[in-house]
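I opened my notebook to look around a structure that is new to me. Come along and check each entry against the view as we go.

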Amino acid sequence: QVQLVESGGGLVQAGGSLRLSCAASGRTFSSYVMGWFRQAPGKEREFVAAISWSGGTLYYADSVKGRFTISRDNAKNTVYMQMSSLKPEHSAVYSCAADNRRLSSRLHTATGSYAYWGQGTQVTVSS
């Protein structure tokens with residue numbers, strides 16, 4: 001079982017940057033695909049990015065390509081999301097998720113494919 005704890009959210013002005021972190025418990029972090037999702041008020045949770053076990057393969061939602069970067073440090077059991085050039089429409093609760101299957105663009109862009117979830121961290125971008 002994996003427990004996930006996000007941090008790094010907060011209030012930032014448009015054009016600013018934030019780095020989210022997701023710390024995982026357990027000794028098998030490196031065997032989990034990690035994903036980031038977000039949910040804005042009144043909207044469904046949506047895929048943001050996913051990263052393979054080794055960090056060598058990355059998937060992004062089209063809306064964040066070139067603006068967000070997912071990475072991981074398996075020695076620290078942590079996955080990161082660097083967000084830059086933020087806009088008010090990026091405001092949402094951002095959650096990380098873990099799944100122990102091989103990374104698949106079909107599977108790991110879907111909310112239902114992940115077995116473990118963090119509680120989320122709020123990101124608010126002011127105009």
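Predicted model: local features only at pLDDT ≥ 70, side-chain atom pairs only at ≥ 80, totals over all residues.

**Entry 1: the core**

I started with the largest nonpolar core, which has 35 residues. I looked up the residues with the most contacts inside this core, and they are Met34, Trp36, Met81, Met83 and Tyr94. Next I listed the elements that give two or more residues to the core: S3, strand S4 (33–39), strand S5 (46–51), strand S7 (68–73), strand S8 (78–83), strand S9 (92–99) and strand S11 (121–126).

**Entry 2: a sheet of four strands**

I then followed the strands and found an open sheet of four, in the order S1-S3-S8-S7, with antiparallel pairing. Which strands are at the edges? They are strand S1 (4–7) and S7, each of which pairs on one side only. From one strand to the next, the twist averages 15°.

I picked out Leu18, whose bridge partner in S8 is Met83. Met83 was already in my notes, as one of the residues with the most contacts inside the core.

**Entry 3: Ser21**

I stayed in strand S3, which covers residues 18–24, and stopped at Ser21. Is Ser21 buried or exposed? I have Ser21 down as buried because its relative accessible area is 16%, and the cut-off for buried is under 20%. I also looked up what Ser21 touches, leaving out residues up to four places away in sequence. The list is Val5, Glu6, Ser7, Trp36, Thr78, Val79 and Tyr80.

**Entry 4: the disulfide**

I searched the whole structure for disulfides, and the search finds one. The disulfide is formed by Cys22 and Cys96, with their sulfur atoms 2.0 Å apart. The pair links distant parts of the chain, since Cys22 is in strand S3 and Cys96 in strand S9, 74 residues apart. I noted the angle about the S-S bond as 55°, and the link of Cys22 and Cys96 is right-handed. Cys22 is buried, with a relative accessible area of 0%. Cys96 is buried too, with a relative accessible area of 0%.

**Entry 5: salt bridges**

How many salt bridges does the structure hold? I found three, and I went through them in turn.

- Arg38 and Glu46 meet through their side chains, at 2.6 Å from N to O. Arg38 is buried at a relative accessible area of 7%, whereas Glu46 counts as partly exposed at 37%.
- Asp62 forms a salt bridge with Lys65, and their closest N and O atoms are 3.1 Å apart. Asp62 is exposed, with a relative accessible area of 64%.
- Asp99 and Arg101 also meet through their side chains, at 3.0 Å from N to O. Asp99 is buried, with a relative accessible area of 5%, whereas Arg101 is partly exposed at 37%.

The general idea behind this entry is that side chains of opposite charge can pair when their charged atoms come close.

**Entry 6: positive phi in the loops**

I moved on to the loops and looked for backbone angles. Asn77 is not a glycine, yet has a positive phi of about 55°. I placed Asn77 in the loop between S7 and S8. Asn77 counts as buried because its relative accessibility is 18%.

Ser85 has a positive phi as well, near 50°, and is likewise a residue other than glycine. I found Ser85 in the loop between S8 and S9. With a relative accessible area of 38%, Ser85 is partly exposed.

**Entry 7: Gly112**

My last stop was Gly112, in the loop between S9 and strand S10 (116–117). Is Gly112 buried or exposed? Gly112 counts as exposed because its relative accessibility is 76%, and exposed means over 50%. I also checked Gly112 against Ser91: they are 21 residues apart in sequence and 22 Å apart in space, C-alpha to C-alpha.

Definitions and conventions:
Residues numbered from 1 in each chain as written. Heavy atoms only, no water. Buried < 20%, exposed > 50% of the residue type's maximum accessible area, 1.4 Å probe, protein only. Contact = heavy atoms within 4.5 Å. Core = buried A, V, L, I, M, F, W, Y, C linked by side-chain atoms within 4.5 Å. Salt bridge = Lys/Arg side-chain N within 4 Å of Asp/Glu carboxyl O. Disulfide = S-S within 2.5 Å. Pairing = 2+ DSSP bridges. Axes fitted to C-alpha atoms, helices over the stretch in contact; angles between N-to-C directions.
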